[in-house]
Amino acid sequence: MNRIKPEVLFVCVHNAGRSQMAAALLQHYALGRVTVRSAGSAPADKVNPAAAEALAELGLDITAEVPSKLTTEDVEASDVVITMGCGDTCPVFPGKRYLDWELEDPAGQGVDAVRPIRDDIDRRVRALLAELLDGTPA
């Protein structure tokens, strides 16, 4: 990280579930200490309702978020790029840190199936934040 405030980009195909949940959780825990973005290689029209419901159970509201298209600029601006099933559609730049989080896709699933995905993302986000802020490996 060459900046005082690290920048993280979460990427999944539709930018409707996993990446939206991860971005909301990191923003919540980081308290402004990290710049957070999310995007998708083929963005959906709206946020996944089950993902929104699962986050609402934690007091986080993503219903106003709009899935956005992944751009080269998003990747260039980020220190850490975390992919969640977008494969090779994410552009690769030297000097960036890339992580691939293998997570089940919440698309088409109910909130009962999305909760474990949310909880997995929550654990990973907390570990990432500790590493970014304290230098402690996740």
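This report describes an aromatic pair, a helix, several salt bridges and one further residue in a predicted model. Local features are given where pLDDT is at least 70, side-chain atom pairs count only at pLDDT 80 or more, and totals for chains, interfaces and linings use all residues. Residues are numbered from 1 along each chain as its sequence is written, and side-chain values use heavy atoms, with hydrogens and water left out.

**Aromatic pair**

A pair of aromatic rings is described by the distance of the centres and the angle of the planes. Rings of Phe, Tyr and Trp (for Trp, its six-membered ring) pair if their centres lie within 6.5 Å; planes under 30 degrees apart count as stacked, over 60 as edge-to-face and the rest as tilted. A search of the whole structure finds 1 aromatic pair. The partners are F10 and W101, with 5.8 Å from centre to centre and 50° between the planes, and the pair is tilted. F10 belongs to strand 1 (residues 7-12), while W101 sits in the loop between strand 4 (97-100) and helix 4 (111-134), so that the pair links distant parts of the chain, 91 residues apart. Helices (H or I, at least four residues) and strands (E, at least two) are DSSP runs, numbered from the N terminus.

F10 counts as buried because its relative accessibility is 0%. W101 is buried too, with a relative accessible area of 8%.

**Helix 4**

Buried residues in helix 4 include V111, V114, I117, I121, V125 and L128. An α-helix has 3.6 residues a turn, so residues three or four places apart point the same way. The cover over the buried residues of helix 4 includes strand 1, helix 1 (18-30), helix 2 (49-56), strand 3 (80-83) and strand 4. After helix 4 comes G135, with a positive phi near 80°.

**Salt bridges**

Side chains of opposite charge can pair when their charged atoms come close. A salt bridge is a side-chain nitrogen of Lys or Arg within 4 Å of a carboxyl oxygen of Asp or Glu. The structure holds 9 salt bridges, and the table lists three of them.

| Pair | N to O distance |
|---|---|
| R37 and E7 | 2.5 Å |
| R18 and D105 | 3.8 Å |
| R118 and D119 | 2.9 Å |

R18 lies in helix 1 and D105 in the loop between strand 4 and helix 4, so this pair ties together parts that are 87 residues apart in sequence. R18 is buried at 7% relative accessibility, whereas D105 is partly exposed at 34%.

R118 is buried, with a relative accessible area of 7%, and D119 is partly exposed, with 30%. Both belong to a network of salt bridges that links E57, D112, R115, R118 and D119.

**Residue E76**

E76 lies in helix 3 (residues 72-77) and is partly exposed at 42% relative accessibility. Contact means heavy atoms within 4.5 Å. Leaving out residues up to four places away in sequence, E76 touches F93 and K96. E76 and L129 are 53 residues apart in sequence and 20 Å apart in space, C-alpha to C-alpha.

Terms used:
Buried means under 20% relative accessible area, exposed over 50%, partly exposed in between (1.4 Å probe, protein chains only).
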